[in-house]
Amino acid sequence: MSTSRRRFIQLAGGAVGAATLSAALPAAAAAPNRGNASPASVVDLTPLWDADTVLINPHKGWYQHYLDDRDNGYLGTLSELQQFPGMNQIYIRLAWSFLEPVEGQYDWHLIDDAIAEFVPAGFNVAFRVTCRETGREHNTPAGQLGFAVPTWLNDLGAQGTYICNWGSAGPGVPAGPTCDGTLTWEPDYGDPIFLEKLENFHRAFAARYANEPWVQYIEIGSYGDWGEGHTTYSGSGRVWPVSVIKEHIDIHKRCYPNKLIVANDELLWRPNDTAGQQEIRQYVKDQGLTWRDDSILIFYNPVVQRPELFDDVYLTRPTILECQHYSQSLTQGYWQGPDGSIRGASYFIEGIKGLHASYIGFHGNNVTWLADNPNLTKQLANLCGYWYFPASISLPDSVHSGGTLTATIVWENHGVAPAYNEFTPYLKFVAQDQPAHSRHCVDSGPIRLNGSNNRSWLPDQQTTESYSVHLGALSAGTYNVQLALIEEAANRHIALGLAASSQTADKYYTVGAITIN
């Protein structure tokens, strides 16, 4: 597909009108004739394409920074997030000090309250537990300021450094005798006591949450300012050895062996250490982790800094994109105009494309964002992750009852990433003339199309798949051909980019007609 055509489909949002389903183009080549089916005709499905409607699909979409570094965060009510197009995940980012105020005694209520509200409504949850924060609001139960790690670690002898944040000396400097800003604590990320107790905490966290199906992913938040993997700007600027970074990765791998683990691209913040950067990059890839960019639209670099990291992994695992705090983007002038049309939207779009992002966040108040960016919100909900459009289906005009036919479907993925979960296409043949006063529909029932591999339907490519379809004994007549894509593991239909007028009550799409003799 040409770049200009794809960009139009994704971003212009032009209405696509429905066409007569029986309108067929001449076949480029006849399908194999097995003696019980006529030569094939190709039905062009592109007139049925709908690039406007937000498709509600799993394993992709918007997430909301719900608890964001503190116990109030950006929040958002269930009703608000249900009305947000493509929103299906809340993101919980909390300091360790909130969750283990006393060694071995855990306080899960902030998380459990959010779970109780959102999970029954179908939302997934992603987590980051941090060990370094910079704000005055980070009061632990012990009353200390700026301790993202529990203060009892200090009593055990864990080492670290006091930082003076947001004072006259700058955003963050090692604290002297006095601090006219906020006094915060940066742990020694390689301290053996710190690492031992960190793993104990994550084992407890995993025992409580890791096996839940609604946990989308776990981020490594235990290293760097705000858990972002760097110590610059508001921290000490100290760079820990690569071995320490690997140990933080290994702790998460040991505690969450069956969950997607996410590394922040700022783990590569290592000035003048190209070899160390490459070693961490390769380790993340080899250990099966994925990457997150945290964040674009920030004042000193509004674009994706390390797209090569995401090229390493996006074919096999989803990636995540976060924007700068929306309020700050507005204040700093990096977001201007309705839907970011003057400035901002292009950065976001290019970021989603550059990262091949499946999960995207705007990092702000959901009501404000949606009011400012209603059209962009819908477009990006579709653009992130996979976005499937069947372009054509090739079928014989007729087939004998009980016979076998070949169906060929050309698939297009207008999103920026492949799907990472298996979806299976199904066909169903439904008689156009149904018996009067009958409770039973004359149809073939769902027919599974074996041999499909949706995970190979890559962005910017057409994928042609042919399927052998055996029909049971059906009465002679004209039948509508209906198509569905189903995630069998969850018994869930995947929405396709086809007009609502073609969709049936049981979530199939009518894509053609065939005569059964």
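Colleague: Let's start with Phe-205: which residues does Phe-205 touch, not counting residues up to four places away in sequence?

Modeller: Contact means heavy atoms within 4.5 Å. By that rule, Phe-205 touches Leu-99, Trp-108, Ile-111, Phe-127, Val-129, Ala-210, Ile-218 and Tyr-256, with residues up to four places away in sequence left out. Before we go on, this is a predicted model, so local features need pLDDT of at least 70 and side-chain atom pairs count only at pLDDT 80 or more, while totals for chains, interfaces and linings use all residues. Residues are numbered from 1 along each chain as its sequence is written, and side-chain values use heavy atoms, leaving out hydrogens and water.

Colleague: Which residues touch the most other members of the largest nonpolar core?

Modeller: In soluble globular proteins, nonpolar side chains tend to be buried together. A nonpolar core is a set of buried Ala, Val, Leu, Ile, Met, Phe, Trp, Tyr and Cys residues joined through side-chain atoms within 4.5 Å. Buried means under 20% relative accessible area, exposed over 50%, and partly exposed in between (1.4 Å probe, protein chains only). The largest core has 94 residues, and Trp-62, Trp-96, Ile-111, Phe-205, Phe-348 and Ile-352 touch the most other members. Helix H6 gives the most to this core, with 8 residues. Apart from it lies another core of 44 residues, including Leu-45 and Phe-429.

Colleague: How do I read a helix such as H7, and what do its buried residues pack against?

Modeller: Helices (H or I, at least four residues) and strands (E, at least two) are DSSP runs, numbered from the N terminus. Among the buried residues of H7 are Val-242, Ile-245, His-248 and Cys-255. The buried residues of H7 pack against helix H6 (192-209), strand E8, strand E9 (261-264) and helix H8 (274-286).

Colleague: Is Asp-225 buried or exposed?

Modeller: Asp-225 counts as buried because its relative accessibility is 0%. This residue lies in the loop between strand E8 (215-219) and helix H7 (242-255). A polar contact is a pair of N or O atoms within 3.5 Å; within protein, one must be able to donate a hydrogen and the other to accept it, and residues adjacent in sequence count only if both atoms are side-chain atoms. The side chain of Asp-225 makes such a contact with the side chain of Arg-132, at 3.1 Å. Residues touched by Asp-225 also include Glu-186, Tyr-189 and His-230.

Colleague: How many disulfides does the structure hold?

Modeller: A disulfide is a pair of cysteine sulfur atoms within 2.5 Å. The structure holds 1, formed by Cys-164 and Cys-179 with their sulfur atoms 2.1 Å apart. The torsion about the S-S bond is about 85°, so this disulfide is right-handed. Cys-164 sits in strand E5 (residues 160-167), while Cys-179 is in the loop between strands E6 (170-174) and E7 (182-187). Cys-164 is buried at 7% relative accessibility, and Cys-179 is partly exposed at 27%.

Colleague: Where is Ile-486 found?

Modeller: Ile-486 is in strand E19 (residues 477-487). The C-alpha atoms of Ile-486 and Thr-424 are separated by 5.2 Å, though these residues are 62 apart along the chain. With a relative accessible area of 11%, Ile-486 is buried.
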